[in-house]
Every structure is written in C-alpha cells, then in structure tokens.
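Dear colleague,

Please find below the structure we discussed handing over. My notes on it follow directly after.

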Amino acid sequence: MSWIIDFWPILYLIPVIVCLFYGFRTKKGSKIPRNTVYLHQVGRGPWVPSLSPFALKLETFLRMHKIPYMNDHSGTMSKKGKTPWITYNGKDIADSQMCIEYLKDKRNLQVDDHLSREEKAVARAIRCLTEENLYWTMCYETFVKNPKSLDLLLKDIFSRPKIFVFKNLVGRLVKKELHGHGIGRHSDTEIWSIGKGDLTALSEFLGDKNYMFGDNASDIDCTVFGMLSMAVWQMKGSRHEAYIHQNLPNLVAYCERMKESFWRDWSQRCRGAGYVQDDLKMYSF
C-alpha cells in the first residue's frame, strides 16, 4: 500500500478509494461538443451534490461563470490519479484549482476584476487556509474521531461489508497522511482547536457580507462553499457541524445563499427522494 501513500495526496484519497469500490469505468463513445467542459468526478452525495469538496468547488465555478459542461460520474481517474478533473477540447487537466486556472486562460474569463490586488492576495490566503488546513481537520474528524459517520454517509452507496473495508482502509491511510502533514502529531484537543479557529476566522472575515468580498461572488467563494458545505450538511454528528450551526450562523446563511444562487437544482443533485441522475446531461446557460 505504500505506493498509494507516496503518490495519492490526501486531498484526493476519499474520491479515489470510492472509485476503487465503484470500479474504474470509462464512458466510451461519449460525444462532447467543442468548448464544453467534460467534468469527471466520483458522483453525488446524500446531502451535498458531491462526496468531494473539490468537485463541488469546480462544478460551482462552472455554474458561476456559465460555462457549458457535462458530468461523468463513472469514477474514471485522471492520468495523475486524481479526481476531479476535466477534459476540454480534447485536453485533460487534473486538480480542481489547475482546472479553474486553465479555463480562465482558455476562455479569457474576466475573473475577479472587481477585486483589488490586495483582495486577490487575501483570497489566495483564504484558499490555503481552507484547503490546506481546515480540510485536514475535517479528514481527522471523519476518519479518526468519528468514523461511524461514514455508515450514514455511504449507506445508499455501498454495502455494509464495503463500508467496513472502506473505513478501515482509508482510516489507516488518513492517519499516516495526517502524521506526515504534521497536524496528526497534535492531540485531539489541539486539532479541534485548529479547525475551530479556521471556521471562526472564515466567519469573522465574512461578517455580514453576502459573499467573501462583498455583494458579488468571486472565485474564492467556490472554494469556501465547497468545503463548508461538507461541514454544514454532510459531516453528520461532527464537531464542525455542531460548531457552525450553534455559533457561526453567518456561515450557514452564506452556504444557503450560495446554494440558492448557483444550485437551484440542489435536491435533484443529491442522492435522495428527489435525485435525478445527470450523467452526460448538458448544462448550458
């Protein structure tokens, strides 16, 4: 198993292992119109339209900028062994942020022009806080502190034996990656202090604004929304969920606002009573 740890970063562990259970399948003969993004991701979650905050971030970006796209929920991996990833006019791009930067360039998007240079620098720092710090505390909470939450999260996706194997396999990998990162060397109390501090910082920066930098949503909102959605709706029984709902109502309202702005079809994109399968559905704006 050491080769998995060496080459598959923790940011992509969850969807990668899910793909191992789904099986690696390729959509053969799929016709993708030119200038349409083909978004490869694991699939939908029960309370959020993805099991991965990075896939939700990327799909929200596509909706925010009205970029035509189609989904591939087959679990196919990129050549880098990462997901989500995109195919755009025949070229494959992996890593959610690299996908965003590539699309900005190729589509000549005038992104975040309303932000000053200083605000763009702050946005980059917020992205690092969210994806390189807060996320690790969420991995710890889910796979080390409260692995039973996965029983509920995955009950309509995997059989009980598969969930048991999933929890044990990923749990061991997460512990090793947390230790390598450094955050796993702290005590439970210290790790939660880090996570709580990150959530509080996001809440205080947001304040009473509609979005992170005012009345207009910017790219950093895709990142923050993708991550916070997991804590607000999908990390059932976690300290992150409880702390946000009990102490940071502006973050809950923020997520609801983002959902209303860019995900009017949210209930249809979550696995549940209203779920509608959207593999290869064309989203155009």
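Thr 223 is buried, its relative accessible area being 4%; the cut-off for that class is under 20%. This residue belongs to helix H9. Setting aside neighbours within four places in sequence, Thr 223 makes contact with Lys 57, Gln 97, Arg 127, Thr 130 and Glu 131. Please bear in mind that the model is a predicted one.

One of those partners, Thr 130, also takes part in the packing of helix H5 on helix H8. H5 covers residues 117-145 and H8 residues 188-206; their axes lie 10 Å apart and form an angle of about 140°. The two helices are therefore oblique to each other, since only angles over 145 degrees would count as roughly antiparallel. Their crossing is left-handed.

On the H5 side, the residues involved are Val 122, Ile 126, Leu 129, Thr 130, Asn 133, Leu 134, Thr 137, Tyr 140 and Lys 145. They meet Asp 188, Ile 191, Ile 194, Gly 195, Asp 198, Leu 199, Ala 201, Leu 202 and Phe 205 of H8. Sorted by class, this contact comprises eleven nonpolar, four polar and three charged residues.

Tyr 275 is partly exposed, with a relative accessible area of 25%. Not counting residues up to four places away in sequence, Tyr 275 touches Arg 44, Ser 267, Gln 268, Arg 269 and Cys 270. Arg 44 is 231 residues away from Tyr 275 in sequence, while the distance between their C-alpha atoms is 9.2 Å.

As to the chain overall, the protein has eleven helices and five strands. It contains 285 residues, of which 56% count as buried. Of the contacts between residues at least 6 apart in sequence, 75% link residues at least 24 apart. The accessible surface amounts to about 13,000 Å², and carbon and sulfur atoms account for 51% of that area.

With kind regards

Note on methods. Residues numbered from 1 in each chain as written. Predicted model: local features only at pLDDT ≥ 70, side-chain atom pairs only at ≥ 80, totals over all residues. Heavy atoms only, no water. Helix = DSSP H or I, 4+ residues; strand = E, 2+ residues; numbered from the N terminus. Buried < 20%, exposed > 50% of the residue type's maximum accessible area, 1.4 Å probe, protein only. Contact = heavy atoms within 4.5 Å. Areas by Shrake-Rupley, 256 points an atom, 1.4 Å probe, with all protein chains shown as cover. Axes fitted to C-alpha atoms, helices over the stretch in contact; angles between N-to-C directions. Parallel < 35°, antiparallel > 145°, perpendicular 65-115°, else oblique. Left-handed = near helix turned anticlockwise from the far one by under 90°. Nonpolar A, V, L, I, M, F, W, Y, C, P; charged D, E, K, R; others polar.
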